[in-house]
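Student: Could you walk me through this one, a piece at a time? I'd like to begin with the surface and then move on to the strands.

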Amino acid sequence: MPSTLKVGLFQQQAWPDKPRSLRESEAGIRELAAKGAELILLQELHATHYFCQTEDDRLFDLAEPLDGPSAQQLAALAAELDIVLVGSLFERRAAGLYHNTAVVFDRQRGRVGHYRKMHIPDDPGFYEKFYFTPGDAEEDAGFEPIETSVGRLGVLVCWDQWYPEAARLMTLAGADLLLYPTAIGWHPLDDEAEKQRQKDAWTLIQRSHGVANGLPVVVANRVGHEADSSNATPGIDFWGGSFICGPQGEILAQAGDETTHLLAELDMTRSERVRRAWPYLRDRRVDAYADLTKRYRDR
């Protein structure tokens, strides 16, 4: 693993037109690579609009296999630009079996790993359980970092960001940094105070994973208003706010609510120094945590 790592992320709009969305992603990747990014993160489901606002079985036609056309395009870019690239797919694993999957491409090696989203929400405007099966929780799947030429990537996806257990398990498996491709935004009818509380909570929880685990964190969200095709709701205003922070949660770079190419240089030796000063892993009471595997501690 290099002692320093230039990390980039691309915060973009996306559309139902998959070629158009992927052209936007490619342009962002090329610009970041030209600026020296060695590791680039794209947002969740960057190849399409956020189609989970409604339940429509025709939208399963958007899904592709892990080695489908979108993955091939991303793999070719990683090879051409000599970068490590983390993209996102609506994955068709088998007939009737679909996942929300992050895919990792390592330079000329092609796809070196993938992570299937483990926590799946089902809320108004975010009907993901209709489309996505949770990732498998077994050896060499689930919360397992992906080995690359720039380090071991603890890749998680969106709703996973609210669960400290996911970040901790990636850390305990040797992740060198945490990455969160995401798609989150506001209901347009929420008042401004509620919108601010939501966005602040979202930023705070992910920074806290960096603090609790002594790791850098990279978060890519989308931007723009996306309509609800069923017209049942006013749609979603995706708030952007993508960021890169260090192992004490310190913000190194942060985007606003527009299309943004974000870049930061990480000192990959800092996690060792931070963990020596703040030895949370040393002081964990693993003998006292058995009840964490229970749904609730009923009395």
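Tutor: First a definition: patches are made of residues with over 30% relative accessible area and no salt bridge, where like charges are joined within 9 Å and nonpolar side chains (Val, Leu, Ile, Met, Phe, Trp, Tyr) within 5 Å. A salt bridge is a side-chain nitrogen of Lys or Arg within 4 Å of a carboxyl oxygen of Asp or Glu, and accessible areas come from the Shrake-Rupley method with a 1.4 Å probe, with only the protein chains shown counting as cover for residues. This is a predicted model, in which local features need pLDDT of at least 70 and side-chain atom pairs count only at pLDDT 80 or more, while totals for chains, interfaces and linings use all residues. Residues are numbered from 1 along each chain as its sequence is written, and side-chain values use heavy atoms, with hydrogens and water left out.

Student: OK, which residues make the nonpolar surface patch?

Tutor: Leu169, Leu172 and Leu281 make it, and the patch covers about 240 Å². Leu169 belongs to helix α3, residues 164–172; helices (H or I, at least four residues) and strands (E, at least two) are DSSP runs, numbered from the N terminus.

Student: Switching to strands, what order do the 3 strands of the open sheet take?

Tutor: The order is β11-β14-β13, with antiparallel pairing. Because β11 (185–186) and β13 (223–226) each have a single partner strand, they stand at the edges, and one side of each is left without a neighbour in the sheet. Two strands pair if DSSP finds at least two bridges between them, and β13 and β14 (residues 236–239) have 4. His225 has Asp237 in β14 as its bridge partner.

Student: What about β15 and β16?

Tutor: They form a hairpin with 5 residues between them, and Gly249 in the turn has a positive phi of about 80°. The two strands, residues 243–245 and 251–254, run antiparallel and are joined by 3 bridges, with Ala253 in β16 as the bridge partner of Ile244.

Student: Last one: what does Glu26 touch?

Tutor: Leaving aside residues up to four places away in sequence, Glu26 touches Gln73 and Leu77, where contact means heavy atoms within 4.5 Å. Glu26 is in helix α1, residues 18–34, and is partly exposed at a relative accessible area of 22%.

Key. Buried means under 20% relative accessible area, exposed over 50%, partly exposed in between (1.4 Å probe, protein chains only).
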